[in-house]
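Please read them with the model open beside you.

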Amino acid sequence: MRYAITGASRGLGLEFVRQLLNRGDTIEAGVRSPSEARQLQELVRGAEGRLRLHALDISDPKSVDAFAATVGQGEALDVLINNAGVYGKDGALTELDYESMASTFAVNTLGPLRLTAALLPALRRGSARRIIHITSQMGSIGDNGMGGSYGYRISKAAMNMAMRNMHVDLHGEGFVTISLHPGWVQTDMGGPNAPLLPEASVRGMINVIDRLKAEDGGRFFSYEGQELPW
């Protein structure tokens, strides 16, 4: 299988690359700065051509187009994992940083939309036709009992709606697209007190992706395969 993964230089993205490489898949890894992605560069040396690094800023239309032109030119892509994301600045309702919120929205919501559209021709050539959006339970309206985190919550809720739109538009072509919550994970974003290690989260998410059926499209799952409320 051939995967495209964004935000692949650290955290969940890096762990996706490790686990998929170990089982024999081929990966096109999008990172903001390939020259600084040292752990990925080490993986490239042992990957026997199955891992390629590409510069990608999903908030930049030109960068997205360049990535899609390189990754998708005449080739088939089986699975897209829209993993790149940011938390942005937090604050009370009366102290919100709207510039930060706009940047968070550009990365967490518009970026995956833009990249999915750009890679659609390559995904149509693939056999799996799976589009995976790494979102968050913090984007669940029904589950929100704490408030706060305005930019992050809003951007992820909007991404969930975008995913649902993609499902409606693409399921007739055999695409399965879902939102996937990784859990609270020990990454730069999740922090050291998170209860879940990246290895376990990604292992669970890959298991969910591998088992997807047509009827799963347009739904919101946890890394354990449980359906989550919108």
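Predicted model: local features only at pLDDT ≥ 70, side-chain atom pairs only at ≥ 80, totals over all residues.

1. Residues are numbered from 1 along each chain as its sequence is written, and side-chain values use heavy atoms, with hydrogens and water left out.

2. The secondary structure of the protein chain consists of six helices and seven strands, and from the N terminus on the order is β-α-β-α-β-α-β-α-β-α-β-α-β. Helices (H or I, at least four residues) and strands (E, at least two) are DSSP runs, numbered from the N terminus.

3. On overall dimensions, the protein chain has a radius of gyration of 17 Å, which agrees with the value near 17 Å for a compact globule of 230 residues; the radius is taken over C-alpha atoms, and the globule rule is 2.2 Å times the number of residues to the power 0.38. The C-alpha trace spans about 50 × 40 × 35 Å along its principal axes.

4. Of the 230 residues, 50% count as buried, where buried means under 20% relative accessible area, exposed over 50%, and partly exposed in between (1.4 Å probe, protein chains only). Among contacts in the protein chain with a separation of 6 or more, 68% come from residues 24 or more positions apart, a contact meaning heavy atoms within 4.5 Å.

5. The structure holds two aromatic pairs; rings of Phe, Tyr and Trp (its six-membered ring) pair if their centres lie within 6.5 Å, and planes under 30 degrees apart count as stacked, over 60 as edge-to-face and the rest as tilted. Tyrosine 87 and tyrosine 152 form a tilted pair, with 5.0 Å centre to centre and 35° between the planes. This pair links distant parts of the chain, 65 residues apart, with tyrosine 87 in the loop between strand E4 (79-82) and helix H4 (98-125) and tyrosine 152 in helix H5 (residues 150-170). Tyrosine 87 counts as partly exposed because its relative accessibility is 28%, whereas tyrosine 152, at 8%, counts as buried.

6. Phenylalanine 220 and tryptophan 230 form another tilted pair, at 5.5 Å centre to centre and with 35° between the planes. Phenylalanine 220 lies in strand E7 (residues 220-222), and tryptophan 230 in the segment after E7, 10 residues apart. Phenylalanine 220 is buried at 0% relative accessibility, while tryptophan 230 is partly exposed at 42%.

7. Which residues does threonine 104 touch, not counting those up to four places away in sequence? They are Val86, Tyr87, Gly88, Thr109, Gly151, Tyr152 and Ser155. Threonine 104 itself lies in helix H4 and counts as buried because its relative accessibility is 2%.

8. Two backbone angles deserve a look. Glutamate 48, although not a glycine, has a positive phi of about 55°; the residue sits in the loop between helix H2 (38-45) and strand E3 (51-55) and is exposed, with a relative accessible area of 74%. Arginine 129 also has a positive phi, near 55°, and is placed in the loop between H4 and strand E5 (130-134).
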